Amino acid sequence: MNVRKLLQSVVPILCGLAAIMMFAAAAGAQEDHPPLEVGIDYNYVRANGPPGGCSCFSMNGGNIWAAYSFTHSFSAVGEFSGQYAGNINATGEDLTLYSYLFGPRYTLRKSDRWLPFAQVLLGGAHASGTYEPALSGASGSYTSFALIAGGGLDIDVTHHIGIRAFEADYYLTHFPNGVNGRQNNLRISAGFVFRF
């Protein structure tokens, strides 16, 4: 898959969503919460590097993100994450995975304390290490398209501090693996939210 062509087709969609959100904000959406959120999370990723079956393995890491609310419920989100696994499936091989993602988030604000949300973030991922099934023919380093889609629950502690109780995401990457060039991963996160 040509990542450049895929990103060229996705960028206009994201720009359109941003324009819609800004128009809705200008149309009179009232803000009863701070518009800027910044978060830091711990991540657990159940990775599926090789094609077929599941020679799955676990990765641990974290992410930082920022979200700006354009309306009462819609935000634009940017996120950077990194995960690492060493001695994968007792092979002595390792893998480090970084991603940089952007996209919209919808937060259901029917409560002052419980804030469920859903989001779809698109961007890129970079993998490096010695784990060959995930980096087939890539000389130990590769960059690909990445996507996460999922949601979670934030719980407000104060007006400016919250806890990300959980987040569960489908985490898609497109690294070469000798067959289909696709990894279907699961990411679970928890952390803290700061509002300004």
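Before starting, I wrote down that contact means heavy atoms within 4.5 Å. This is a predicted model, in which local features need pLDDT of at least 70 and side-chain atom pairs count only at pLDDT 80 or more, while totals for chains, interfaces and linings use all residues. Residues are numbered from 1 along each chain as its sequence is written, and side-chain values use heavy atoms, with hydrogens and water left out.

**Entry 1: alanine 190.** I looked up which residues touch alanine 190, leaving aside its neighbours within four places in sequence, and found Asp41, Tyr42, Arg164 and Ala165 in contact with it. Alanine 190 belongs to strand β8; helices (H or I, at least four residues) and strands (E, at least two) are DSSP runs, numbered from the N terminus. For the cut-offs, buried means under 20% relative accessible area, exposed over 50%, and partly exposed in between (1.4 Å probe, protein chains only). I also checked asparagine 63, which is 127 residues from alanine 190 along the chain: their C-alpha atoms are 9.9 Å apart.

**Entry 2: salt bridges.** How many salt bridges does a search of the whole structure find? I noted 10, a salt bridge being a side-chain nitrogen of Lys or Arg within 4 Å of a carboxyl oxygen of Asp or Glu.

One of them joins aspartate 41 to arginine 164, at 3.8 Å from N to O. Aspartate 41 is in strand β1 (residues 36-47) and arginine 164 in strand β7 (residues 161-173), so this pair ties together parts 123 residues apart in sequence. Both aspartate 41 and arginine 164 are buried.

Next I looked up glutamate 79, which forms a salt bridge with arginine 187, with 2.8 Å between the closest N and O atoms. Since glutamate 79 lies in strand β3 (residues 74-85) and arginine 187 in strand β8 (residues 183-195), the pair ties together parts that are 108 residues apart in sequence. Glutamate 79 counts as buried at 5% relative accessibility, and arginine 187 does at 0%.

**Entry 3: a second partner.** Arginine 164 turned up again, in a salt bridge with aspartate 154, the closest N and O atoms being 2.7 Å apart. Here aspartate 154 is in strand β6 (residues 141-156) and arginine 164 in strand β7, 10 residues apart. Aspartate 154 counts as buried at 4% relative accessibility, and arginine 164 at 1%.
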